[in-house]
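Please look over the sequence and the model before reading on.

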Amino acid sequence: MADLVLTTSILEETRIQIENTLIKAGVNTVLLIDEAGNIVVACGHKTDNLDTISLAALAAANFGATSQIAKLIGEDDFALLFHKGEKDSIHVARIGTDLILVTIFGDNVSLGLIRLRVAQLAKSIEKTFGQK
Amino acid sequence: MALINLSKREIHCKIVYYGSGRCGKTTNLLYIYNAMNNKARGKMLTIETKGERTLFFDLLPLNLGKINGFDIRIQLYTVPGQTIYKATRKLVLKGVDGLVFVADYLKVRHEKNIESLQDLRRNLLEHNLTLEEIPTVLQFNKCDMVPTPIPTLTREELEIDLNRELNTKIFEAAATKGIGVFETLKEISKRTVHYVATKHLLT
């Protein structure tokens, strides 16, 4: 697992991609994190009231734990996780080999739309980070 | 896996406290949390479980000020010490930049200390890392038990068991009273930041 050095251009480009694909679709908060639980980019209007550091660490650990569950049943990995809440839900998806995208959205946005947009976003973020 | 944000001028490092069950890893973090002021520390995250044991990990984010214009942000993690939680320990070690190995002075923990260090070496290897390349310090905890009637190990015994190959700096500690806790943190932070900085910024 290599160290991640983030330049202003990579961060800005990623932020714009997240804003255009997910935030404009009505998503509350998006965190792009690495597998060690560090926050790479945080977007959305609810990030100030949220303990994003804890959320990132737990999401990375949760993703790692479910990867181990996947291995127990003969899968390499689960590509996405979804936790349904009463008001807000969380969608977690792997991007490339080192990054994880955490999307928090309310009941006004459908899961289908999130899955579609995250799939599109995953490709563009992978491209951005591949070019660094 | 350190994260260097050139846009915000921040360096994020991950330091893991490793050691056998009940050796005092969480106690170290709790002491640091209680002793630091609100500006320098984040929220301590402990995953709620029944009983005192750490089941997954504890996390304490710290802000250590600036070096060369870069904000140094450190995340302290603990692992569950009990032997059966091997998979969880491996998971927490993902992306580690610095290590504190906490050893227990109690004589009954003699074998557990050695087992835990071997377990650490094995788990690091699974991430293609070795103890020799990751900044590491040793903490011999519960030194306040030595003068009591409770059977303890000698410093020499602990050194032979744990530091013969590693040959790193040792800190005597009594984490419940805070003795040696900040000395350990200061040294491992210094070594970790130096390790990350020389790798990326000064080259």
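## Order of elements in chain B

From the N terminus on, the elements of chain B run β-β-α-β-β-β-α-β-α-β-α-β-α, which gives five helices and eight strands. Helices (H or I, at least four residues) and strands (E, at least two) are DSSP runs, numbered from the N terminus.

This is a predicted model, in which local features need pLDDT of at least 70 and side-chain atom pairs count only at pLDDT 80 or more, while totals for chains, interfaces and linings use all residues. Residues are numbered from 1 along each chain as its sequence is written, chains are lettered from A and ligands numbered from 1 in the order in which they are written, and side-chain values use heavy atoms, with hydrogens and water left out.

## Overall form of chain B

The C-alpha atoms of chain B fill a box of roughly 55 × 35 × 30 Å along the principal axes. Of the 203 residues in chain B, 54% are buried, where buried means under 20% relative accessible area, exposed over 50%, and partly exposed in between (1.4 Å probe, protein chains only).

Among the contacts in chain B with a separation of 6 or more, 72% join residues 24 or more positions apart; contact here means heavy atoms within 4.5 Å.

## The residue B:V100

B:V100 lies in strand β6 (residues 98–104) of chain B, and it counts as buried because its relative accessibility is 0%. Leaving aside neighbours within four places in sequence, B:V100 is in contact with several residues, including B:I15, B:Y17, B:V137 and B:I188.

## Two helix pairs

Two packed helices are described by the angle between their axes and the distance between the axes. Axes are lines fitted to C-alpha atoms, for helices over the stretch in contact, and angles run from 0 to 180 degrees between N-to-C directions.

In chain B, the axes of helix α1 (residues 25–35) and helix α5 (residues 181–200) come within 10 Å and cross at roughly 95°, so α1(B) and α5(B) are roughly perpendicular to each other. The contact is made by B:N28, B:Y31, B:I32 and B:A35 of α1(B) and by B:V181, B:F182 and B:L185 of α5(B).

In chain A, helix α1 (residues 8–21) and helix α3 (residues 111–130) pack at an angle of about 170°, with their axes 10 Å apart, and α1(A) and α3(A) are therefore roughly antiparallel to each other. Angles under 35 degrees count as roughly parallel, over 145 as roughly antiparallel, 65 to 115 as roughly perpendicular and the rest as oblique.
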